[in-house]
Structure formats: structure tokens, C-alpha cells
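Keep the structure open while you read.

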Amino acid sequence: MSRMLGRLSFLTIPLAVWLVVLFFCQGAVYADETPEQRDHRMAWWRDARFGMFIHFGLYALPARHEWVRNYERIPNEAYEKYFERFDPDLYQPRQWAKAAKAAGMKYVVLTTKHHEGFCLFDSKYTDYKSTNTPYGRDLVREFVEACRAEGLRVGFYYSLLDWHHPDYTIDKIHPLRPNCEEKQYTQEMFDRLNAGRDMVKYRQYMKDQVRELLTNYGKIDVLWLDYSFPEKFGKNRNDWDSEGLVKLVRSLQPDILLNNRLDLPQSADFDTPEQKTAAELRKQYEGKQLDWETCQTFSGSWGYHRDEKTWKSVPELLTLLITSVANGGNLLLNVGPTGRGEFDYRAKDRLQGLADWMHFNRRSIYGCTRAPDGFSAPTDTLLTYHPKSNRLYMHLLKYPKDGKLVFGPADRLAYAQFLHDASEIRWNEGDHNTRVLRLPVDKPPVTIPVIEIFLK
Ligand code: GLC
């Protein structure tokens with residue numbers, strides 16, 4: 001028996017050591033960063049809580065989803081007509097930045113290149129770029145300048161996928177994938193299609209472009225690399241050389257924040273749960289000390305989609321924002337500008353609704369996070385907490401019919417007021433160390449009213 005155990009440990013101990021080494025080496029390019037240094041690097045982002053995503057590219061012209069090339073299996077030649085007609089004459093990034101700022105967003109992340117491969121910047125390494133379209137300008141440069149002028153942090157989205165590049169191998173979601181059911185895919189099919197394509201060259205192309213983006217536009221605050229699908233006939237960290245990419249990024253912009261879609265978990269600064277409901281986010285992140293940012297569309301598409309009708313309402317969007325903050329995360333809310341380069345009327349309407357709410361209630365968002373232990377949110381409310389001022393914010397998703405709200409523990413309550421007008425909220429003694437807040441019977445004219453509670 002002891003001989004067997006001895007033999008087992010003879011095998012398992014080196015294996016365990018090796019696994020630990022592997023865990024720390026893999027992509028842990030900031031292995032020497034202390035927790036304090038990391039907190040310092042993440043501070044502005046944790047404080048901001050709310051950002052704007054912008055998906056803009058040739059797909060704004062077909063206006064039926066940024067994945068249109070995949071959905072309709074469109075080859076390069078047939079997609080060329082959009083390149084030839086790309087002319088966003090109403091593009092005024094300063095208007096975008098102003099709208100983001102008014103809605104209370106603190107940073108903006110723009111698609112410098114999406115899966116279609118088209119570059120909004122003047123890259124040396126391709127002709128497939130905005131400067132060669134009728135528009136003829138580097139949109140990224142103007143975007144960066146506009147954000148800075150409005151005091152917003154700047155983020156770049158860059159697609160790892162590239163359905164236009166001749167060396168990018170055809171995989172299960174490429175527009176030129178085999179023309180049959182996925183179940184019937186074979187390796188030979190892909191080998192045949194990929195003869196002559198060379199990912200070594202594509203990897204170099206990506207690195208060259210990432211280098212351009214991170215050297216030619218000044219300080220970039222966020223890099224959003226999208227995405228890996230480490231499945232059969234998919235792409236994983238080896239296809240991108242994720243480790244090499246991370247090293248490059250960190251060396252060019254040491255303070256940058258990097259998302260988690262490189263199939264290299266240890267290299268990520270934050271999680272990116274996409275299009276999750278408020279309930280799903282709560283389930284996933286409640287009580288966890290993690291950095292995360294949920295990205296969400298107004299409707300069902302990231303790129304401009306003319307006919308898509310499932311637009312979220314302002315209260316739904318606010319619920320996503322507040323749920324994120326209440327569970328220690330951020331919200332990155334997407335706009336898909338039209339082919340003319342403007343936000344469409346539905347996006348403007350939602351942004352205005354958010355701006356109206358944020359005008360009064362931003363104090364319950366910025367610098368806020370989950371409530372400390374011991375406070376539980378009454379039904380249909382969400383709690384956020386501002387550690388620096390020691391104030392708690394109670395968001396009333398549904399307004400209590402009788403105007404009464406139970407708060408506890410009673411001995412922590414120093415003062416309470418509505419946030420939108422600083423009007424005092426008085427209370428009665430409740431049972432079991434609680435207070436019963438006495439709200440006006442009529443709901444104030446605020447989409448989601450917030451009570452600001454000064455704690456003892
Ligand atoms: C997905 C989609 C993409 C979108 C992104 C945003 O990865 O491929 O179209 O840009 O999510 O999170």
C-alpha cells in the first residue's frame with residue numbers, strides 16, 4: 001500500500017508542480033504586478049461603471065447585422081459594393097462623444113476592425129481601409145480626438161477574426177465555409193478550402209495592426225480583442241498567438257486594460273458577459289470580487305440594423321446598468337451608427353432617456369459597487385454603495401403602492417433623501433431592528449427613483 005502511494009506521489013508531485021508553473025507562466029505577463037498596482041491600473045474603469053460601445057463598419061450599409069457576411073455567405077467580391085460606397089458624410093465623432101457623455105458614459109470603445117476585416121484606420125498593412133473609400137479619411141483618428149476633447153477615455157475594439165484577409169483560414173463561421181450542415185464538416189473539406197492560406201502571415205498582420213493602433217493614436221485606455229472559439233473547426237489561442245499578442249500590447253501600453261477573449265484567462269483584466277439578462281448577471285456575479293463588464297445592444301444587432309424591432313426600453317437599460325453596479329460590474333452599451341455616420345432616432349431616444357436619469361442619479365453609479373454585507377435589498381429594489389462617502393443607494397424598480405419601505409439594520413440609518421431632488425424621507429420605527437421609510441404615495445417623475453441613505 002505505502003509502496004503504491006509512494007509511486008503515486010512520485011508521479012503526481014512533479015505533475016502538480018508542472019501544473020502550477022504552467023498556470024503562472026501562461027499569459028501571466030503581469031506576474032510581477034502587485035495587487036495595489038493592479039488596483040491603481042483598474043481604478044478609473046471601476047469608478048466609471050458605464051461606457052459606450054460603437055460598432056461601425058461597412059455592414060452599416062447592408063444594415064442587416066454585422067454578421068451579414070456569415071449569415072448570407074457573402075464572398076469578398078460581392079461585399080465589395082459596400083466598400084465602394086462607404087461615405088459616412090454626416091460623421092461627426094464629436095457628436096457621438098457628446099451623446100455618450102450626456103448619457104453618463106465615461107469611456108467609448110470603437111470597432112477599429114470587425115470580423116468583415118474592413119479597417120476604420122489608415123493601416124500601412126492593407127488597402128482595405130476607410131482612407132481608400134469615397135469617404136477617404138481615418139475615422140479612428142477623428143474619433144480619438146473627439147473623445148479626448150470631451151474628456152472620455154478611449155477604447156479600441158479589434159477583431160481577431162478577419163473574413164476578408166487572404167491568409168485567414170476558413171473555419172466553421174467563415175462566409176466561405178463548406179456548403180453543408182455543420183455535422184457533415186470534415187477536415188478534408190477545410191484543408192481543401194485552405195490550400196494557400198497561411199495563418200503565420202495573418203498572425204503577423206494582426207500584430208502589425210495592433211502595433212499601429214497602440215502607437216499611432218496616443219494613450220489608449222482599453223483594448224477589446226474579439227474573440228476565440230476553441231472548438232473543432234474554430235480558432236484558439238494558438239491561432240492568434242495570444243501570448244505574443246498580450247506581450248506586445250502590454251509592452252506598448254503598460255496601463256491599458258485588456259478584455260478576456262483571447263482564450264488566455266490569466267491575461268485578462270475583465271470578463272465580458274455578452275447580452276445577459278439582469279437575472280443572469282446577478283446569478284453569475286453576486287457576491288464575487290471580480291472585474292467584469294457586460295456588453296449589451298439596444299436591439300438584437302451590434303451594427304446598424306434598419307429592420308430589427310426588439311429594442312430595449314429605457315427602464316430595461318437602466319435596470320441593466322444598476323444591476324451591473326450592484327454586483328460590482330460595468331455596462332458597455334452599444335450603438336450602431338447608420339451608413340451616414342449618425343446615431344439613428346431610436347438610439348438617440350434611448351440615450352436621451354439615460355441622460356435624463358443620469359442627470360439626477362449619477363451619484364448612485366460612479367464609484368459605486370455592491371452593498372456591504374448585512375443590508376438586504378427590499379423586494380423590487382437594487383442596492384449600490386459608495387464606499388468613499390459611506391452612502392447606500394436604493395433603486396426602486398417598482399414603486400411601493402402604500403409608499404412604505406422597510407430598511408434595516410435600523411441602527412445604521414443616519415439620514416435618507418430622494419436623490420433626484422434631495423427631499424428628506426422620514427421614517428417610523430419598524431419591527432426587528434428596522435425602520436419603515438415613508439415615501440410619498442405618488443411616484444416622483446423619475447424613471448427609476450433612487451433613495452440616498454447616509455449610513456452611520
Ligand atoms: C460577438 C460578435 C460580435 C460583437 C461582439 C460584441 O463576439 O461576434 O459581432 O462585436 O460579440 O461583444
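## A helix and a ligand site

Strand E1 (50–54), strand E2 (107–113) and helix H6 (139–149) are among the elements that cover the buried residues of H5, with contact meaning heavy atoms within 4.5 Å. This is a predicted model, where local features need pLDDT of at least 70, side-chain atom pairs count only at pLDDT 80 or more, and totals for chains, interfaces and linings use all residues. Residues are numbered from 1 along each chain as its sequence is written, and side-chain values use heavy atoms, leaving out hydrogens and water.

Helix H5 itself spans residues 93–102, and its buried residues are Pro93, Trp96, Ala97 and Ala100 (buried is under 20% relative accessible area, with a 1.4 Å probe and protein chains only). They sit on the same side of H5, because they cover an arc of only 95° around the axis. After H5 comes Gly104, with a positive phi near 95°.

Now to the ligand, which has 14 residues around it, the closest being His55, Glu66, His114, His115 and Glu274 (a heavy atom within 4 Å counts as near). Of this shell, seven residues are nonpolar, three polar and four charged. The table lists polar contacts, pairs of N or O atoms within 3.5 Å.

| Side chain | Ligand atom | Distance |
|---|---|---|
| His55 | oxygen | 2.5 Å |
| His114 | oxygen | 2.8 Å |
| Trp67 | oxygen | 2.9 Å |

Taken alone, the ligand exposes 310 Å², and the protein buries 95% of that (areas by the Shrake-Rupley method, 1.4 Å probe).

Conventions
Buried < 20%, exposed > 50% of the residue type's maximum accessible area, 1.4 Å probe, protein only. Helix = DSSP H or I, 4+ residues; strand = E, 2+ residues; numbered from the N terminus. Arc of directions from axis to C-beta. Polar contact = N/O pair within 3.5 Å; in protein donor to acceptor, adjacent residues only side chain to side chain. Nonpolar A, V, L, I, M, F, W, Y, C, P; charged D, E, K, R; others polar.
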